Amino acid sequence: MESRWTHGRPGYRCRHHRGPRTEATPPTLYFREEQLITRIGHALHLPAAASPRLVVDTLRADRAVIICHADKVVIEQPRVPAGQ
């Protein structure tokens, strides 16, 4: 996702494509920053009132990857090769 300022607020969007849209092209995703932090915190099973700093620190500590969908946010743990 790329960061954007829209209507004076920070947000993030993912367009999924660079060219003409087709029926198979997923829709553009757009989340205001506070919405995204809340969704990520929920996916991490953090308290509803978790601070943005706690969300970020948890993501970094777990080396997590965020996968955004229109209806949900999924947190994936990176695969660690055997022996590491």
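Of the 84 residues in the protein chain, 20% are buried, where buried means under 20% relative accessible area, exposed over 50%, and partly exposed in between (1.4 Å probe, protein chains only). The structure is a predicted model, in which local features need pLDDT of at least 70, side-chain atom pairs count only at pLDDT 80 or more, and totals for chains, interfaces and linings use all residues. Residues are numbered from 1 along each chain as its sequence is written, and side-chain values use heavy atoms, with hydrogens and water left out. The accessible surface of the protein chain comes to about 6,600 Å², of which 53% belongs to carbon and sulfur atoms; accessible areas come from the Shrake-Rupley method with a 1.4 Å probe, and for residues only the protein chains shown count as cover.

The chain contains two helices and five strands. Helices (H or I, at least four residues) and strands (E, at least two) are DSSP runs, numbered from the N terminus. Along the sequence, these elements follow the pattern β-β-β-α-α-β-β.

Three strands form an open, antiparallel sheet in the order β1-β2-β3; two strands pair if DSSP finds at least two bridges between them. Because β1 (2-6) and β3 (29-32) stand at the edges with a single partner strand each, one side of each is left without a neighbour in the sheet. From one strand to the next, the twist averages 35 degrees. Strand β2 (residues 9-14) is joined to the antiparallel β3 by four bridges, and R13 stands opposite Y30 in β3.

Helix α1 (residues 33-43) packs on the sheet and touches β2 and β3, its direction making about 95 degrees with that of β3. Contact means heavy atoms within 4.5 Å; axes are lines fitted to C-alpha atoms, for helices over the stretch in contact, and angles run from 0 to 180 degrees between N-to-C directions. Within α1, the residues L36, I40 and G41 are buried. They cover an arc of only 135 degrees around the axis, so they lie on the same side of α1; the arc is that of the directions from the helix axis to the C-beta atoms. T38 and H42, on the other side of α1, are exposed. The cover over the buried residues of α1 includes β2, β3, α2 (52-62), β4 (65-68) and β5 (73-76). After α1 comes H45, which has a positive phi near 65 degrees.

T58 is located in helix α2. T58 is buried, with a relative accessible area of 18%. Leaving aside residues up to four places away in sequence, T58 touches L44 and L46.
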